[in-house]
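Subject: Structure handover

Hello,

Here is the structure for you to look through. My notes on charges, contacts and positions follow below it.

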Amino acid sequence: MTACSRTTPRVCTRLARVKHAAFALALALALSAAARAAEPVPDSERALVREIYKQLIETDTTHSTGSTTRAAEEMAARLRAAGIPDADIAQLGPSPNKGNLVARLHGSGSDKPLVLLAHLDVVEAKREDWSVDPFVLLEQDCYFYGRGSLDDKAMAAIFTASVIRLAREHTPLRRDVILALTADEESGGENGVDWLLREHRNLVDGSLVLNEGGGGWLRQGQYLVLPVQSSEKTYMDYSLRVTDKGGHSSLPTPENAIYRLAAALLRVQKLVFPIELNPVTREFLQRAAGTEAKEIGAAMRALAANEKDPAAARTLTKEPRYNALLRTTCVATQLDAGHAPNALPQNAHANVNCRILPGHSAGEVQETLVRALADSKVEVKAEEKEVAGPRAAVDPDFLRTVEAVSAEVFPRVPVVPTMSSGATDSKYFRIAGIPAYGVSGIFTDIDDVRAHGRDERVGVKQFYEGQDFLWRLILALAAT
């Protein structure tokens, strides 16, 4: 074990789920009793999760050249070796390279199942763009490097190792634990969670889902907050298109498809949607304010108290991560125009990506874009199937459980409900009426976000802390 991966011994938590007034007392008693007899995560379990992590990262699961089916087969083999019977392991998918894995450990049935969800697919990564090989797990300078090292093969590895440990130790469970390793999260979800819920809901039906979307915030070595993602924005791409008859470039005319589109994009740049808080984002601002610099923290408190406060709005809008939390955003991401260097353009096309606040529709945003452009010659068209999750609030009992576990692993780090500006597969479960939360216990530097980018990485220490945290949380939510 490297110096980067050493952590102090932690206690395991086994928690009975108690409702309403008795919850706090029962929680305290359960934690106290468990702490006296618990042991830290054994080195053997850390070795196992690293081995699984390496195997997953070194299996290409990109949309263009990879296969989640292969990764699912590899994880299924590990589960069988741990003693999980074939009858409780399903490998399935609507296309050959878009396989999913669903495995079940049986509990007493006192509660409905807990679903451990992680996606196997990753975004594209070109070797020439990286300083290291993106499909080789590299441990260097106290970081793990590799495509998917954070998004989302860290959680896939930790959940797989946790299920194997539950099986090998014959941990008594009060509810079934379902492991779902899925395809297509990065490319629409049609072959993954959405498909499973539509075609095989019985395999993944539960009362609670743990997923990505709630990674911890770290800055200059200081642990700031542990988010619990309970809602997310809706992803939508809009195409802006201008067409023209074109002609010879030696005979330019005042009408030009590129110029017209460029003018439209400048209007998109100036389009600012209004601030709108919901119960989750308001509570986030209140809880996280104490971790920020004085000016930012004061603005967060002020805006939580009054979302019309102009000074607070100006301060927080300057911070991209807070601006995205407060409002719907739209930004130009791709541009294509013309057909020859010596011809007037016959068409010009741009993609505008919007992340829409819960409670608002893609149609509303399209109408706003059309009004902002104020040009009937610019066609605006939605390019995605709208998948909008409901507004969500964190169940207080669940939040208290996360807080109790977090207090052991990350003392004095506040747990904060949050809304993701990005998209996750949790929305499909929420639409199906199944509560889903993003919480990983894996902290990353908020000023150096590399998911989907060059040299994606996660701290070695933070990876193993995430393993510790998630193991405790699984026990707290599912163990007898």
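**Charged pairs**

Arg165 is buried, at 9% relative accessible area. Buried means under 20%, exposed means over 50%, and partly exposed lies in between, with a 1.4 Å probe and protein chains only as cover. The areas come from the Shrake-Rupley method.

Before going on, the ground rules. This is a predicted model, in which local features need pLDDT of at least 70 and side-chain atom pairs count only at pLDDT 80 or more, while totals for chains, interfaces and linings use all residues. Residues are numbered from 1 along each chain as its sequence is written, and side-chain values use heavy atoms, with hydrogens and water left out.

Back to Arg165. Its salt-bridge partner is Glu169, with the closest N and O atoms 2.9 Å apart. A salt bridge here is a side-chain nitrogen of Lys or Arg within 4 Å of a carboxyl oxygen of Asp or Glu. Glu169 is partly exposed, at 38% relative accessible area.

How many salt bridges does a search of the whole structure find? The search gives 31. Among them are two further pairs:

- Arg198 and Glu199 meet through their side chains at 3.6 Å, N to O. Glu199 is partly exposed, at 47%.
- Glu255 pairs with Arg260, and their closest N and O atoms are 2.8 Å apart. Glu255 counts as partly exposed because its relative accessibility is 26%.

Salt bridges with shared partners also build a network: Arg219, Glu292, Glu319, Arg321 and Asp447 are joined into one.

Glu292 sits in the loop between helix H8 (279-288) and helix H9 (294-305). Helices (H or I, at least four residues) and strands (E, at least two) are DSSP runs, numbered from the N terminus. Glu292 has a relative accessible area of 14%, so Glu292 is buried. Its side chain makes a polar contact of 2.6 Å with the side chain of Arg321. A polar contact is a pair of N or O atoms within 3.5 Å; within protein, one must be able to donate a hydrogen and the other to accept it, and residues adjacent in sequence count only if both atoms are side-chain atoms.

Asp237 belongs to strand S10 (residues 234-243). Which side chain of opposite charge is nearest to Asp237? Arg355 is, at 6.8 Å. Asp237 is buried and has no salt bridge. Its side chain does have a polar contact with that of Tyr235, at 2.8 Å. For charge, Lys and Arg count as positive and Asp and Glu as negative, while His and the chain ends are not counted.

**A negative surface patch**

Glu190, Glu379, Glu383 and Glu384 form a patch of negative charge on the surface. Patch residues have over 30% relative accessible area and no salt bridge, and like charges are joined within 9 Å. The place of a Glu charge is taken as CD. Glu190 lies in the loop between strand S6 (177-182) and helix H5 (193-199). Glu190 is partly exposed, at 39%.

**Two distances**

- Gln222, in strand S9 (residues 222-232), is partly exposed at 49%. Gln222 and Thr291 are 69 residues apart in sequence and 9.8 Å apart in space, C-alpha to C-alpha.
- Ala350, in strand S14 (residues 347-356), is buried at 0%. Ala350 and Pro396 are 46 residues apart along the chain, with their C-alpha atoms separated by 44 Å.

Best regards

Technical notes: Patches are made of residues with over 30% relative accessible area and no salt bridge: like charges are joined within 9 Å, nonpolar side chains (Val, Leu, Ile, Met, Phe, Trp, Tyr) within 5 Å. Accessible areas come from the Shrake-Rupley method with a 1.4 Å probe; for residues, only the protein chains shown count as cover.
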